[in-house]
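This report examines a predicted model.

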Amino acid sequence: MFSPKDYLLVEWANVRRNLQETLRFRYSESHIRDFYAECEERLDYIKKNLDATSTKETSDLREIALSLDNLAHLIARVERSHLEEFSWPFGDALAHVAKHICTEQLALQREPLFFFAAEGGINSYAIRPEKQGPSAVDQKIFSVIFPRSLKDHVLLHAILAHEVGHAAYATDSILHDLQRICETLIAGSPVATPNGMFAWCKNNIGVVNKGSSGVVAERHASWTEEFYCDLFGLILCGPSYLCAFQSMLEPMALPKGTASQFVPSHPPFECRMIALVEAATELGFFYSRDRKDKESLARTFDAALIDKASNLRAAGHSLLISRNVRKATRELMALMGRFDDLVFPPLDFELIQKLDRALERNIPPTEGIVAGGKRIRQWEDRVPDRIDFRHILYAGWVHWSNKRKLPIYKEVDSMEKLFSTINRLCSHAILQQQSIGWWIHNLSRKSHDGSVEKGNPR
Amino acid sequence: MTVLSRKAIRDEILRQKLVVTPILDPKKQIGNMSIDLRMGTSAALIRGSDLSHVDPALYMARDGFPGEKGRRRKLERMSVPFGDRLTLHAGSLILVSTLEWVSLPPYLKGVVTARSSWAREGLNIATATFIDPCYNGIVTLELANLSQVPVVLYPGMRIAQIAFMHLEGVDRKQECLGNVGDRKFNLSFEPNSGDITKDDEPFIPPISDRAAPVGLERRASRKGK
């Protein structure tokens, strides 16, 4: 027999041993250093609390047990995380733009740590945010999950922008503002209230069982958050998000006429797609409209998305009110614009054309090819160009759309090969951009303070 | 065959016929007749712990578990992000990618060697120094530490160099033909082992005719492959 406190003391020692064991695994030193230090701090804090708690204070002991349990989960992920199983340059680039909005605006709060791992499943993308760590902790740890089978498929990784929306929703400092935007988004629609949502589900997707009022309220909150996260993903990652969303979620959509016992946890794909295209139009993301110049490169890409939404709308899948979607989009854009690098950067179509040409030659769409056409001295004196990873993704999707319609790519083998090659080229371009970031960052440090110590630009 | 000078290399790059990207510091990275190549972030180590030897016959078992295992089990893949390090122990061999993507026109071939300052530390780029015209991909460097002390490598460091030779009798206006992905090693993104049996199959007896080495080939012989 153990007393609860003794058991926790033994478990604490086990968890600490587990943390030390993680150093045996080959997770990148630069990726694990901060994670290890943060976990050590948390263990120290838990131990101090445990020592100060008597075995009769059962409620405090339970809190400590939960903290320890959470920490044990986080530490175990390190053992299951291998850089070879996911695109870590993409993860780093995403974490860089997401970190500010996920930081609580408190005096002692540090930027959150993003920890990456791969799991099974074909669309198991997730970010598991910490709502609240142990109270001494001022640094949250977010676990970012990639599907193992899609290791280099960075074009599809754009869907992770949606998950950043969930992570932001777990940030107390902006929760109130986000909730207000959510209210705008669903206002006036059949899903504006939990009861309205159930009635709509009953009539449109054959839901038969309401369950308890708590369940319906919870599903209503979930639907609202999902609609908001879609907008968030679109604003963060741009049109690539829309393509990744359609590609990944449409095959998983519930076929029409399939009766569902309870209200599903996510709104139907069709309604979300219509809302997204509405928002993309509001954001001016369909660049080729009425254009005959360089923007026409995106014509096939734009048309595919617009047509898809039109067909769904014609089939009666509209759910949210158009003007409210547009209003919520503007409000969310204004909020996200307050954070550095968070919003999809304005596009320069000359750049996209150059990236497209690089892809056409099977070259990673990045810096070197852009240098072409310059005079030698200009080129030699230049600082390498930084290209936002979201522009690389956009160029990849546009290239895919244009190539996909060629007869040769109607065959499954060549289609798969083409998509895989474009993804790998884009993934490599993001890696090369990371090297440019290191180069510029450490070069400027050297010139400013003469320091030889190298820093990480992430 | 003529070797391209610094000026000729720059001209080919600016004409976009030759692609070596990214070149972070053209002034220092382009020498009198070569471009320095940086270490990339992918590496492959020979996994010695569960292989008794390399046998070309294993590569011939092209389908199913034994063949795949024979080819893949040999190399252990590693990612080494910028800021991390890789220790190459004395006498060991490792395959690493270059950071740079290289794309050659049909009239140029590449020759890759170690940088002399690294060679003096014992770091040798073992073999396969030629890169064919029309090659398109990262360059795999076969690094061997010939010294008696370990060498630490950091991704992003300039460890190799590539010189270019002009092929006589090839028109500069000629384009690379065919699907680039069909050429051996083309469109490489990370270090891979090659196929040592390709086109030499008639000389290699099937594995089922011999005693199978430990661990790998028994299944192959059972299947009669």
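Within the largest nonpolar core, which holds 129 residues, the members that touch the most others are Ile101(A), Tyr228(A), Phe232(A), Leu236(A) and Met336(A). Helix α9 of chain A, residues 213-237, supplies the largest share of this core, with eleven residues. Apart from this core lies another, of 39 residues, which includes Met78(B), Val112(B), Ile125(B) and Val139(B).

The surroundings of Leu236(A) may be listed in detail. Leaving aside residues up to four places away in sequence, Leu236(A) touches Leu94(A), Val97(A), Ala161(A), Val164(A), Met336(A), Leu342(A), Val343(A), Phe344(A) and Arg390(A).

As to chain A overall, its secondary structure consists of 18 helices and three strands. Of its 458 residues, 54% are buried. Where contacts in chain A link residues at least 6 apart in sequence, 77% of these contacts join residues at least 24 apart.

One helix pair in chain A is described here. The axes of helix α1 (residues 4-22) and helix α2 (residues 29-52) of chain A come within 11 Å and cross at roughly 165 degrees. Because angles over 145 degrees count as roughly antiparallel, α1(A) is roughly antiparallel to α2(A). The crossing in which α1(A) passes α2(A) is left-handed. On the α1(A) side, the residues in contact are Lys5(A), Leu8(A), Leu9(A), Trp12(A), Val15(A), Arg16(A), Leu19(A), Gln20(A) and Thr22(A). They meet Ile32(A), Tyr36(A), Cys39(A), Glu40(A), Leu43(A), Ile46(A), Lys47(A), Leu50(A) and Asp51(A) in α2(A). Classified by residue type, the contact of α1(A) with α2(A) comprises eleven nonpolar, two polar and five charged residues.

Backbone features complete the account. In chain B, Thr21(B) and Pro22(B) are joined by a cis peptide bond, with omega at about 0 degrees. Pro22(B) is placed in the loop between β2 (19-21) and α2 (26-29) of chain B. Two residues other than glycine with positive phi values are tabulated below.

Definitions and conventions
Residues are numbered from 1 along each chain as its sequence is written. Chains are lettered from A and ligands numbered from 1 in the order in which they are written. This is a predicted model: local features need pLDDT of at least 70, side-chain atom pairs count only at pLDDT 80 or more; totals for chains, interfaces and linings use all residues. Side-chain values use heavy atoms; hydrogens and water are left out. A nonpolar core is a set of buried Ala, Val, Leu, Ile, Met, Phe, Trp, Tyr and Cys residues joined through side-chain atoms within 4.5 Å. Buried means under 20% relative accessible area, exposed over 50%, partly exposed in between (1.4 Å probe, protein chains only). Helices (H or I, at least four residues) and strands (E, at least two) are DSSP runs, numbered from the N terminus. Contact means heavy atoms within 4.5 Å. Axes are lines fitted to C-alpha atoms, for helices over the stretch in contact, and angles run from 0 to 180 degrees between N-to-C directions. Angles under 35 degrees count as roughly parallel, over 145 as roughly antiparallel, 65 to 115 as roughly perpendicular and the rest as oblique. A crossing is left-handed if the near helix is turned anticlockwise from the far one by less than a right angle, and right-handed if clockwise. Ala, Val, Leu, Ile, Met, Phe, Trp, Tyr, Cys and Pro count as nonpolar, Asp, Glu, Lys and Arg as charged, and the others, Gly among them, as polar.
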